[in-house]
Amino acid sequence: MGKNKVYIAIDDTDEVGYYTSTGEICEDIREHIDKNYSRTTPITRHQLLLDDRIPYTSHNSSMCFTCELDLETFEQVKNFILSYVAYKSAHSSSPGVCMGFERDICDRDALIAYGLDAKKRVLTKESAYETAAAQKLFLKEVKNKGNGIIGALAGVALRAYGNDGRIKGKIKLGKKSIAVSELLETGLFEEVRLKHGKTADKNHHIVIDEYLKGVYIDHKSVLLVEEYGGFYKPLVKENLLDY
Amino acid sequence: MFYKRDNSFVFKYGKKNYDKAIEAAGLCKNFVLDKDEDELITSTKKNSCYNCLFRRWCSESFICMKKGMYES
């Protein structure tokens, strides 16, 4: 078996006031894989249900990215992630890790339904284990109550869905404006769209205030913009909170 | 700025009152900016309760966990 696409997601690694976040731990893991095993894709942040019955720390969001691994390197990466998450996560946190080959997922729609459910309903660890087993995904509680498995599995599910989440990180280009076509040539974004869904005119220029931030739509890294006096302007953070 | 629900202190202006959240942070001696820049949601002034390390988002607003530690 050669290399195949692998989903990796983690959740619930911090506690109130902790010095690092699930997003930053996920970024460390991504960098390790990028350096030692495989090209990786950007991390997506998936917002899950905010409900008092769920013991999240502050956001209840899950982080996911993909890479290309074979069976041997999958095991190596898995062992690294489990030990790294155990080491870096907060003392009282309940981390979970989910990983799996895309080609092993038996029922993609059922997996996506689980992810969408995690945005609307309080789910149990039992249903997470059942769903992961049915879809041949590795799912592991790292320490304490291990509730993070619910969000980790939802992270993989929503990444597979392809229409959820913001892309972690900010892109600074060091210039005040750029043509849509030029931005696409950089490979930093796969598409530029107006906020209501229309594809942006490639000849238009985007006025950059500080940085660019993408969202994940149709399995693509997309920059959302709005009309701004003959130019485009990226949507500000406050307008990306629904992603 | 906050009301008490059970033992939690809930920000009474919801999730989108950016001015009030900045004002509340200005009045708070415990404000700490979240270290994960990706979790900061205010694009203008960063010192906002919406960007504080000690906020816990809930369905309608956020809970101040720092107030919960000392004032419950």
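Predicted model: local features only at pLDDT ≥ 70, side-chain atom pairs only at ≥ 80, totals over all residues.

Student: OK, strands. How many residues of β1 in chain A are buried?

Tutor: Six of the eight residues in strand β1(A), residues 4–11, are buried. A residue is buried if 20 or more other C-beta atoms lie within 10 Å of its own, exposed if 12 or fewer, and partly exposed in between, with C-beta atoms placed from the backbone. Strands are DSSP runs of E with at least two residues, helices are runs of H or I with at least four, and both are numbered from the N terminus.

Student: Which sense does β1(A) pair in with β3(A), parallel or antiparallel?

Tutor: Antiparallel, over seven bridges, with β3(A) covering residues 61–69. Two strands pair if DSSP finds at least two bridges between them. In that pairing A:I10 stands opposite A:M63. β1(A) also runs antiparallel to β4(A), joined by six bridges, and there A:V6 is opposite A:F101.

Student: Changing topic: how do α1(A) and α2(A) pack?

Tutor: Their axes are 11 Å apart and the angle is about 150°. Axes are lines fitted to C-alpha atoms, for helices over the stretch in contact, and angles run from 0 to 180 degrees between N-to-C directions. The two helices are therefore roughly antiparallel. Angles under 35 degrees count as roughly parallel, over 145 as roughly antiparallel, 65 to 115 as roughly perpendicular and the rest as oblique.

Student: And which residues of α1(A) make the contact?

Tutor: A:I25, A:D28, A:I29, A:H32 and A:I33 do, and on the α2(A) side the residues include A:F80, A:Y84 and A:V85. Contact means that the C-beta atoms, placed from the backbone, lie within 7 Å. By class the contact has eight nonpolar, one polar and two charged residues. Ala, Val, Leu, Ile, Met, Phe, Trp, Tyr, Cys and Pro count as nonpolar, Asp, Glu, Lys and Arg as charged, and the others, Gly among them, as polar.

Student: You mentioned A:V85. Why is A:V85 called buried?

Tutor: Because A:V85 has 27 other C-beta atoms within 10 Å. Leaving out residues up to four places away in sequence, A:V85 touches A:I10, A:T13, A:I25, A:P95, A:V97 and A:V142. A:I10 is the residue opposite A:M63 in the strand pairing.

Student: What about A:S94, buried or exposed?

Tutor: A:S94 counts as buried, because there are 25 C-beta neighbours inside 10 Å. A:S94 is in the loop between α2 and β4 of chain A. The C-alpha atom of A:S94 is 5.3 Å from that of A:K145, though the two are 51 residues apart along the chain.

Student: How do α4(A) and α5(A) cross?

Tutor: At roughly 40°, and their axes come within 8 Å. So α4(A) and α5(A) are oblique to each other. A:K125, A:A128, A:T131 and A:A132 of α4(A) meet A:I149, A:I150 and A:L153 of α5(A).

Student: Next, the hairpin of β11(A) and β12(A). How many residues are between the strands?

Tutor: Two, and A:G229 in this hairpin has a positive phi near 55°. The strands pair in the antiparallel sense over four bridges, with A:E226 opposite A:K233. β12(A) has a covered face of A:Y232 and A:P234, and an uncovered one of A:F231 and A:K233.

Student: Which phi does A:D218 have?

Tutor: Near 50°, a positive value in a residue other than glycine. Most residues other than glycine have a negative phi. A:D218 is in the loop between β10 and β11 of chain A and counts as exposed, with 10 C-beta neighbours inside 10 Å. In chain B, B:D6 also has a positive phi, about 55°, and is not a glycine.

Key
Residues numbered from 1 in each chain as written. Chains lettered and ligands numbered in written order. Contact = placed C-beta atoms within 7 Å.
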